[in-house]
Amino acid sequence: MTLPWAMIRLSALGDVLLTTGVLEYWRQTRDITFTVLTRTALAPLFQHHPAVSRIIPLHAEDLTPASLAALGRQLSKEHAGLVDLHGNLRSRILSFNWKGP
């Protein structure tokens, strides 16, 4: 079994909805599953999605630089890679501390 990829998308309801199509496309064409990191309020949008094997809901206290750095280091050990679909300072802190693709 291949490791899932992690994907981070923290906000913008419309952007999160558009993300679901991309995840399904990658699942169908590349046989990839995903752990989704998103704000708690947006987590239900990924429930029962065929490409999502795990959802990590992030609360405000999880979005501090120290928490994101630790999360990046931890999750990089359990995942094939990281897809940063948010591209803001918070997601870049996580990706900077990611060990891998």
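I will start with the fold. The chain has three helices and four strands. Read from the N terminus, the order is β-α-β-β-α-β-α. The radius of gyration is 12 Å, close to the 13 Å that the globule rule gives for 101 residues, so the chain is as compact as a globular protein of that length.

Next, contacts. Taking contacts between residues at least 6 apart in sequence, 61% of them join residues at least 24 apart.

Now the surface. The accessible surface is about 5,600 Å², and carbon and sulfur atoms account for 59% of that. As for charge, there are 10 positive and 7 negative side chains, and the centres of these two sets are 6 Å apart.

On to the interior. In soluble globular proteins, nonpolar side chains tend to be buried together. Which residues touch the most other members of the largest nonpolar core here? They are Leu37, Leu58 and Leu94, in a core of 15 residues. Two or more residues come from each of β1 (5-8), β3 (52-58), α2 (65-76) and α3 (89-96). Helix α2 gives the most, with four residues.

Leaving out residues up to four places away in sequence, Leu94 touches Ile8, Leu37, Leu68, Leu71, Gly72 and Leu82. There is also a second, separate core, made of twelve residues, and Met7, Ile32, Phe34 and Val83 are among them.

Is Leu18 buried or exposed? Its relative accessibility is 63%, and the cut-off for exposed is over 50%, so Leu18 counts as exposed.

Thr20 has a relative accessible area of 18%, and buried means under 20%, so Thr20 is buried. What does Thr20 touch, not counting residues up to four places away in sequence? The answer is Leu45, Phe46 and His49.

Last, some backbone angles. Most residues other than glycine have a negative phi.

Asp31 has a phi near 55 degrees, a positive value in a residue other than glycine. Asp31 sits in the loop between α1 and β2, the latter being residues 34-39. With a relative accessible area of 61%, Asp31 is exposed.

His48 is not a glycine either, and has a positive phi of about 65 degrees. Where is His48? It lies in the loop between β2 and β3. His48 counts as exposed, at 79% relative accessibility.

To recap: the predicted model has three helices and four strands, a largest nonpolar core of 15 residues, and a second, separate core of twelve. Asp31 and His48 are the positive-phi residues I wanted to show you. That is what I have.

Technical notes. Residues are numbered from 1 along each chain as its sequence is written. This is a predicted model: local features need pLDDT of at least 70, side-chain atom pairs count only at pLDDT 80 or more; totals for chains, interfaces and linings use all residues. Side-chain values use heavy atoms; hydrogens and water are left out. The radius of gyration is taken over C-alpha atoms; the globule rule is 2.2 Å times the number of residues to the power 0.38. Contact means heavy atoms within 4.5 Å. Accessible areas come from the Shrake-Rupley method with a 1.4 Å probe; for residues, only the protein chains shown count as cover. Lys and Arg count as positive and Asp and Glu as negative; His and the chain ends are not counted. The place of a charge is taken as NZ of Lys, CZ of Arg, CG of Asp or CD of Glu. Buried means under 20% relative accessible area, exposed over 50%, partly exposed in between (1.4 Å probe, protein chains only). A nonpolar core is a set of buried Ala, Val, Leu, Ile, Met, Phe, Trp, Tyr and Cys residues joined through side-chain atoms within 4.5 Å.
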